[in-house]
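Please read it alongside the sequence and the coordinates.

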Amino acid sequence: MGDLRAVVSVRRGMLSAMAGTRKKTSDDPLAPVTVAVGQEELLIERAVRAVIDAARAADADTDVRDLAPGELQPGTLAELTSPSLFAERKVVVVRAAQDLAAETVKDVKAYLTAPVEEITLVLVHPGGAKGKGLLDAARKAGAREVECPKMTKPADRLAFVRGEFRALGRSATSEACQALVDAIGSDLRELASACRQLTADVEGTVDEAVVGRYYTGRAEASSFTVADRAVEGRAAEALETLRWAVATGVAPVLITSALAQGVRAIGKLAGAPRGARPGDLARELGMPPWKIDRVRQQTRGWTPDGVAAALRAVAAADAAVKGGGMDPEYALEKAVVTIASAARSR
């Protein structure tokens, strides 16, 4: 037993020394410490996901721990980051780091001075005055910083859309990007979804005419709003929003896509273990943590048979709007009614 302790002690010293000399780069997602600073949820989730994906690319067996402030008690970080004999790679994500207890902040600050090799710590912080001492300590220690600010200016959202198309390997005219921002507004998730949908549906350069065909006049009605009302069992509201969306130019394929996502999310969460933490569910189900609570509320009233019936209805509507039916609008309405009924099947 004494020999084992000696080996662990020596290895801990070696790993700490290696971590202390490891090059800290601003663009390396496997940097010992990353801080995601800001309040834009989509950008935060992407920053966290980039670290996790990089770690799992290096080691498919990477252990990911996604923790809320209350789950990180004094001593917990030391336990999670204790090096093992097998140099297990691990990612420790700490959400809302500004809300950590004072004693836990001390633990984190101490860790920042000597991070452990093969372990990546991700701190999520809104960037305000609360908890600024921890953020300053991370910066002083040379942490990699990813900015995730709320995009309140139209110019910022326009730049975001341009970046989305570039990341998807597609070109879009400046007029098309502006038209998309004008039609959809400030929701980055919907802007990102629209870029993906246009890239999937349209060949060649995305221009203003294409955006106009899909989105002009869209205003507040969106495919996701239709889906939310349907899976919540609110048939009348879902139908009203659907008819307005179709009348103002929202592409039917976007609506069936949103309906499919909404029903699949219900099915995934309904089959998840009861009592599981949102962070664990987010990793297991491939959803961002913010979505878990919303979908959990929407699952009330659903049964497995209801989910199956709703998925069949979405599949039939999708086939109809893609040329397999004579009346795409009727197919959408039928799907919405079926989904709303399934939501009340319990």
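## A buried threonine

In this predicted model, Thr199 has a relative accessibility of 17% and therefore counts as buried, since the cut-off for that class is under 20%. Thr199 lies in helix α8, which spans residues 188-201, and, once its neighbours within four places in sequence are set aside, Thr199 is in contact with Phe165, Leu168 and Arg170.

## The pairing of α7 and α9

Helix α7 (residues 174-184) and helix α9 (residues 208-215) have axes that come within 8 Å and cross at roughly 20°. Because angles under 35 degrees count as roughly parallel, α7 and α9 are assigned to that class, and the crossing in which α7 passes α9 is right-handed.

On the α7 side the contact is made by Glu175, Ala176, Ala179, Leu180, Ala183 and Ile184, while α9 contributes Glu208, Val211 and Tyr215. Sorted by residue class, the contact of α7 with α9 comprises seven nonpolar residues and two charged ones, with no polar residue.

## Cysteines without a disulfide

How many disulfides does the count come to? The count comes to zero, and for Cys177 the distance shows why: the closest cysteine sulfur, in Cys195, is 7.0 Å from the sulfur of Cys177, which is too far for a bond when a disulfide requires a pair of sulfur atoms within 2.5 Å.

Cys177 is buried, with a relative accessible area of 1%, and Cys148 is likewise buried, with a relative accessible area of 1%.

Definitions and conventions:
Residues numbered from 1 in each chain as written. Predicted model: local features only at pLDDT ≥ 70, side-chain atom pairs only at ≥ 80, totals over all residues. Heavy atoms only, no water. Axes fitted to C-alpha atoms, helices over the stretch in contact; angles between N-to-C directions. Helix = DSSP H or I, 4+ residues; strand = E, 2+ residues; numbered from the N terminus. Parallel < 35°, antiparallel > 145°, perpendicular 65-115°, else oblique. Left-handed = near helix turned anticlockwise from the far one by under 90°. Contact = heavy atoms within 4.5 Å. Nonpolar A, V, L, I, M, F, W, Y, C, P; charged D, E, K, R; others polar. Buried < 20%, exposed > 50% of the residue type's maximum accessible area, 1.4 Å probe, protein only.
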